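Subject: Structure handover

Hello,

Here is the structure I promised to pass on. Please open it beside this email and follow along.

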Amino acid sequence: MKSDAIDRGGASHPLIELALARLREFAREPEAVFWAFIFPIIMSVTMAAAFPGSGAKPAVVGIEPGAGAAAIRATLASAPGITVRDIPAGDEGRALREGEVHLLVVPTEPPTYRFDPARDESRVARLLVDAALKQAAGRTDPWTAHEEPLQVAGSRYVDWLIPGIVGLTIMGTSMWGIGFSIVQSRMRKLLKRLVASPMRKSEYLVAQIGGRLVLLAPEAGVPLLFGVFVLGMPIRGSLVSLSIVCLVGALAFGSLGLLLASRARTFEAISGLMNFAMVPMWILSGVFFSSSNFPQAMQPAIQALPLTALIDALRSIVLEGAPLQSLTRELAVLAGWGVGGFGLALWMFRWR
Amino acid sequence: MAVDGLSLHVDRGECFGLLGPNGAGKTTTIEILEGLLEPDAGEVEILGLTWKDHERELRQRIGVQLQETQLADKLTVEETLRLFRSFYHRGRTIDELLRIVELESKRRSWVGKLSGGQKQRLAVSCALAGDPDLLFMDEPTTGLDPQSRRQLWELLSRFRHEGGTILLTTHYMDEAETLCDRVAIVDHGKVIAEGAPRELIASLGAPRVVTHQGTLEDVFVSLTGRHLREE
C-alpha cells in the first residue's frame, strides 16, 4: 500500500535519476569521453607495432672483416630469416652489446660465432647462421620437416594482447570514473547535501556503479571491435560469455573504485590510492607479458588479483572459446572483490 | 567544542533565526538539528520525532540547504531538481518547483552557468522538493547581491505564510529582523540572548541608542562588547 502512494512529481526512481546524473556529467566532459575510448586504441596499435607476430623478426647478423668474409656474407644474405647488417670496423663489440646485431660472425676457419647465449634472439640467430653456413659448405640434411608457421589469426602476440587491454580498460575507466566523481562530489559538499535528503546511501553507491555499466559496452567494445576488424583477432567463445565476464569485471572494479574513494577528500589522495592499487596489477596481472614469468611463490597472490582473473577469463573466451562454466574460479575471484569492496565501501564511506 | 549546553525551542509555523558571528557555532548547531552531526550529549526532537528512531520519516519531512554545497555544474536546473525530487515520496511537481523559485526560463541551463542568486534559489528549490514541514537554511543569503537577497527573503516569507516552519542561521541583522519571529543570539557556542527581535532591541533601553533606531547589532554589542562581523 505504502509504496503505491509514492509520488515522485514526475521524477523517476532515485536509482535511475542518480545513475542518469552520473552519466550526464560524464558525457558532458569531452576529455573524459575522448580518453575512455581513444586510449585503448592507441595502446593496442602501439603494442601491435612494437611486438609484431612471432617469426616475423629476422635474425640480424654482423660479419667481421677478414678473408672469407665476402663468401659468408653472400651465403647469409641469401638465407631465409637472416638479415646481414654492415658494422663499421671496430664497432662490433658495441653493436652486439646493444642488440643492434644478434650475432657476430668472425671469418675464421671454421667460423667463430660471437653472441650472448642469454638472449633468445641470439640463440635463434646462431641456429639459423649455423645451418645456412653448413648447408653452403655441403651438408645434406636427412629430411626436411613439414612446417606449420604460427601465423594463424588468434595465436599472434596481438591477439593475446587485446583481451589484456580490454581488461585494463575496464579496470581503469571503472576505477577512475567512479573514484574521481565521488571525490569531486565530496569536495563540493554535494554528498553531504544528498545525505541530508531522504536518499538511501546504498542507492547512491549502486547508482555510481550502475551509471558506469552503461558505458561499459562502448569502453570494452571499442578495443574488441578494433581487434576484430582492424587486427583480425578472432573471438572463439560466445559473445554472451564475453559480455558477462566484462560485466562482472566492471562490477568488481566499480566496487573497488567506491572503496578507494570512500574516504579520500582530495584529488591528490584519490590519485595516489588509485595508482597504489592499479600499478601493481598493470605489472603482475599479465597484461603485456604472461604472469607465469613471475616466481612460483608469487602466483597465489597474483591469481587472487582481480585484473588477473578478468584478463585470464577474457583470454580463455576470446582465444580458446572457453565456456562460462569453466571460468568459475575467475568469476568467483571477481565477485569476491566486488561484494567485499562494496560492503566495505558502504561501511567506511565518508559522506561529509 | 563548538557548541556547549545550547538549548532552543522552535514553534511550528514560526521563523527562528540563529544569529551570531562566524565561528560562533551556528553551523554546528543547525547540522546537529539536521541530523548530520551527532551531539556528544543532549537531545534533539523535531516534529515530535528523534533522529535515532525516525530518521527516514524526518528526512522526508524536512528540507535542508547547506552553506557550502555546490550542486553539480554540468547538470541542468531541471535535472538537478528531478534528482532531488526523486528522493521524496510526496511533494510538488518539477514545474511547480521551478515556478516557485522563478527559474522556469533557466530550466535547461547548466547549474554552472547560473548567477549566485539563481544557484541559491535552486538550492532552496531542492530543499522544498519534498514539500517539507520544516526548512533549515544555513546562511542562505551570504554572498548574494541585495536584489537576490530580497528575492530569497520573499521566497522564504511565502513558504512561512503557507504554514511552514523555518530555522535559519545568519550573520545579517537586517535579515533576522525582516524574516524572523524570534532569534537566538549565539556566541562561543552558547545562547546569550533569545526573543523576538523587537523585544531584544527594546530591552536595551533608550540611553544606549541615541543616533539611530535600535538594531540587533546593538543588542549584540551591548552583550559582548564586540561587533557581530568584526572578524
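Below are some notes on what was found in it.

This is a predicted model: local features need pLDDT of at least 70, side-chain atom pairs count only at pLDDT 80 or more, and totals for chains, interfaces and linings use all residues. Residues are numbered from 1 along each chain as its sequence is written, while chains are lettered from A and ligands numbered from 1 in the order in which they are written.

Start with chain B. It has nine helices and six strands. Both are DSSP runs numbered from the N terminus: helices are H or I with at least four residues, strands are E with at least two. The radius of gyration of chain B is 18 Å, close to the 17 Å from the globule rule for 231 residues, so chain B is as compact as a globular protein of that length. That radius is taken over C-alpha atoms, and the rule is 2.2 Å times the number of residues to the power 0.38. The C-alpha trace of chain B spans about 55 × 40 × 30 Å along its principal axes.

Of the 231 residues in chain B, 43% are buried. Buried means 20 or more other C-beta atoms within 10 Å of the residue's own; exposed means 12 or fewer; partly exposed is in between; C-beta atoms are placed from the backbone.

Next, the interface. In chain B, 28 residues are in contact with 24 residues of chain A. Contact means that the C-beta atoms, placed from the backbone, lie within 7 Å. Helix 3 of chain B gives the largest share of its side, six residues. That side of chain B divides into 11 nonpolar, seven polar and 10 charged residues. Here Ala, Val, Leu, Ile, Met, Phe, Trp, Tyr, Cys and Pro are nonpolar, Asp, Glu, Lys and Arg are charged, and the others, Gly among them, are polar.

Now some backbone details. Two residues of chain B have positive phi without being glycine:

- Glu102(B) has phi near 55 degrees. It lies in the loop between helix 4 (94-100) and helix 5 (116-127).
- His188(B) has phi near 50 degrees. Its loop runs between strand 5 (182-187) and strand 6 (190-195).

In chain A, a cis peptide bond joins Glu109(A) and Pro110(A), with omega about -5 degrees. Pro110(A) sits in the loop between strand 3 (103-106) and strand 4 (112-114).

Best wishes

Definitions and conventions:
Two residues are in contact if their C-beta atoms, placed from the backbone, lie within 7 Å.
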